[in-house]
Amino acid sequence: MVQQDVASSAVLGWTMESKSRIARKSLVLLVMAAAIPVMVFAGWVTFLNARDERTASRRAAFDTLDRVITRVSSELATQIEVAATLASSASLDQPDLSMFYREAKRLKEARPLWENIELVDPDGSQVLNLLRPMGSELGATADRDNFEKVMATKKAAIGGIGPLGPISGKRLIALRAPAERNGEVTFIVTIALVPDAVSQILRSAGAPKGWVGVVVDAKGNIVARTASEQFELGSPSSESIRSAIARAPEGSYVGHSLEGVEVDTVYRTLPGTGGWSVHLGIPTESLNAPVKRSGYLLVGGGTVSLALAVALAWLTGLDIAQRRRDEEAKAATALGISEERRMLAIETAELGIFNWDLLKGDVLASRRTQFLLTLQSDNNGYGDDRIFSTDLFLSGLDPADRPRVAKAFADCPQAGSVSIEFRTISNDGSVHWRRATGRPPQFEPTRSGVIFGVIMDIDGAKQAETERHQLLRRLAEAEENERRRIARELHDQIGQSVTGLLLGLKNLEQSLRTNSDSDHSLERINWLQGLANDIGRDIHRVAADLRPTALDDLGLYDALLALSPEWSLRFHINLDVQFLGDTKRLSLDVEIAVYRAIQEALTNILKHAKAKNVSLLLDQRLTELRVIVEDDGVGFDTDPRSTTTRGPTIKLGLSGMRERLSLISAELAIESDPGVGTTIFMTVPLVDPGVEA
């Protein structure tokens, strides 16, 4: 409009004004015409600045959200790991509740965030509560939904924030880990955490003043909050938060805080928590403030744009170019920092990562992977990420394990995942144990044939397993030595005493026979002789059960042949013993372990099977010994979840058999059904001593 008025005035005054006046008006017109695009350009630049500032605020919100999620997830993962360790305590194997109570109490005192520890049976009833003395009457556990989830999945789970506890007077977070024994959940270890750790992480995340941070559990109740936490803790969150969680596990929305302030919020679900989420809201007014300021700047800039149009255009061009360079530099820096953080996290966890392309036959290995597999780079050291051929990648493994590892990863695309343990040989010839896990990409179907893998050092775990195996072996040897000593003492000392008693009674009998009035005394002497004979037989039987001399002198097969008729006669059960293959003597530890396992099997049959016939078969082959014990008894259901299993006694017997057989790397399998008897299979590997050495 202004431009049209000026043009009209210039045309109407063309004949009345001088050339100089026209020139001046033309100059003003040109300046105004030039000012219009300058003002538009200045307004556009100001708008870009405001949008960049608003975007930076949202980016800061996402960065803060990532920090909170990382720290909260790490804290909860640590607590879950400790809870799982407590659930695997040996005191729950028996179980020994007094020992577990003391162990749990010591662990709780070392962790200020733990308010309480409960032990709950599979029915949901509390067995133990650290806030109550041992033996107190306890009710059912709280948060039944979380308890049922752990029972169903047999995995640790995090519950929501609970109501005010009647004993602690606090709102607590329930964390449960199953204590699984022989495939069954025997107890649920429940740890009650105070929410202070989550609150501290939320408050120290570095969010600017006025931002609203909230952590809610799967039910939408507030676990932590940056403001008014003492009044809002445990109460339901706002409607906007619950609606957002119902729509998607992460994203953004505009809602209202509990104080009624409109906030622009970003949120994300915490992994591994069963539905916890973190919400970080920026007041909409402060987020839109840069846009409002841009309007004021637009008005101010338009005032001075008429005089500084050319300079402003030039400076704006420079500013845009500089901003572009700054953004590119910032993006490059952020990408570098992100990559450094990723590598730092991997190095801190001491994990090696690799990408195995099965189609191309090459493997991209990280520095840590190269170190764990002793893969040398071109400079004879461990370099950055590097591509190796499959053969070169497998060269770091023990030659005996290479085919097994290659096959496992080749089958991974069909199996869905792989987890395998193997050995590596370092430059000095020492052997180390590693574990590799991998899976195909879940969200990149175009990358078929690629396996994403992780390698970790498990030398410590293997060493602990070896030490445990050696300890069990020493215990078994000590037990056999003690059996041998007791059997020898029964036979040599007590047996001789009984023999002396029999001789004394015999002499007394002969002296009494000369007296015709001693018939009654002779009857008593004969009764005592019979009793002494029975005692001698019992002592001999006990000594043979403890340590049969045939096992030491003649070997496993002759010991079993000696055991068969005596066992059948004593218990009135027909025991048929058959041998196939070679019957040469085996190593002493193998013979002892197999003999004791067969003894335990016969004991279980005697106590539980109600059998009339038992068959024992030993088949000694070149590389293994197979033992089959079969009865025609009542049988039982081998499913550990079944309620018809023959009670805990037979489970302890089978556990003892497995423990003994594990000392010689043997395997145990059981086939049984109610009413059709039971068959036990033992497979014992036989290794030539020269090969083993």
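Where does Lys610 lie? In this predicted model, the residue sits in the loop that runs between H18 and strand E18 (613-620). Lys610 has a phi near 55 degrees, a positive value in a residue other than glycine. Its relative accessibility is 72%, so Lys610 counts as exposed. Ser665 can be described in much the same terms. Its phi is positive too, at about 60 degrees, although Ser665 is not a glycine. This serine is found in the loop between helix H19 (647-662) and strand E20 (667-672). With a relative accessible area of 53%, Ser665 is exposed, because the cut-off for that label is over 50%.

Another loop, the one between helix H2 (19-87) and helix H3 (97-109), holds Pro95. Here the backbone has a cis peptide bond, which joins Gln94 and Pro95 with omega at about 0 degrees.

Stepping back to the protein as a whole, its secondary structure comes to 20 helices and 21 strands. There are 693 residues, and 37% of them count as buried. Take the contacts between residues at least 6 apart in sequence: 55% of these join residues at least 24 apart.

Next comes a pair of helices. Two packed helices are described by the angle between their axes and the distance between the axes. For helix H17 (residues 556-571) and helix H18 (residues 588-609), the axes come within 11 Å and cross at roughly 15 degrees. Angles under 35 degrees count as roughly parallel, so H17 is roughly parallel to H18. The crossing of H17 past H18 is right-handed. On the H17 side, the contact is made by Leu556, Ala559, Leu560, Leu563, Trp567 and Phe571. H18 brings Glu591, Val594, Tyr595, Ile598, Leu602 and Leu606 to the contact. Sorted by type, the residues of this H17-H18 contact come out as 11 nonpolar, one charged and no polar.

Which residues are buried in helix H7 (residues 239-247)? They are Ser240, Ile241 and Ala244. Looking down the axis of H7, these buried residues fall within an arc of 100 degrees, so they line one face of the helix. On the other side of H7, Glu239 and Ala246 are exposed.

Methods
Residues numbered from 1 in each chain as written. Predicted model: local features only at pLDDT ≥ 70, side-chain atom pairs only at ≥ 80, totals over all residues. Heavy atoms only, no water. Buried < 20%, exposed > 50% of the residue type's maximum accessible area, 1.4 Å probe, protein only. Helix = DSSP H or I, 4+ residues; strand = E, 2+ residues; numbered from the N terminus. Arc of directions from axis to C-beta. Axes fitted to C-alpha atoms, helices over the stretch in contact; angles between N-to-C directions. Parallel < 35°, antiparallel > 145°, perpendicular 65-115°, else oblique. Left-handed = near helix turned anticlockwise from the far one by under 90°. Contact = heavy atoms within 4.5 Å. Nonpolar A, V, L, I, M, F, W, Y, C, P; charged D, E, K, R; others polar.
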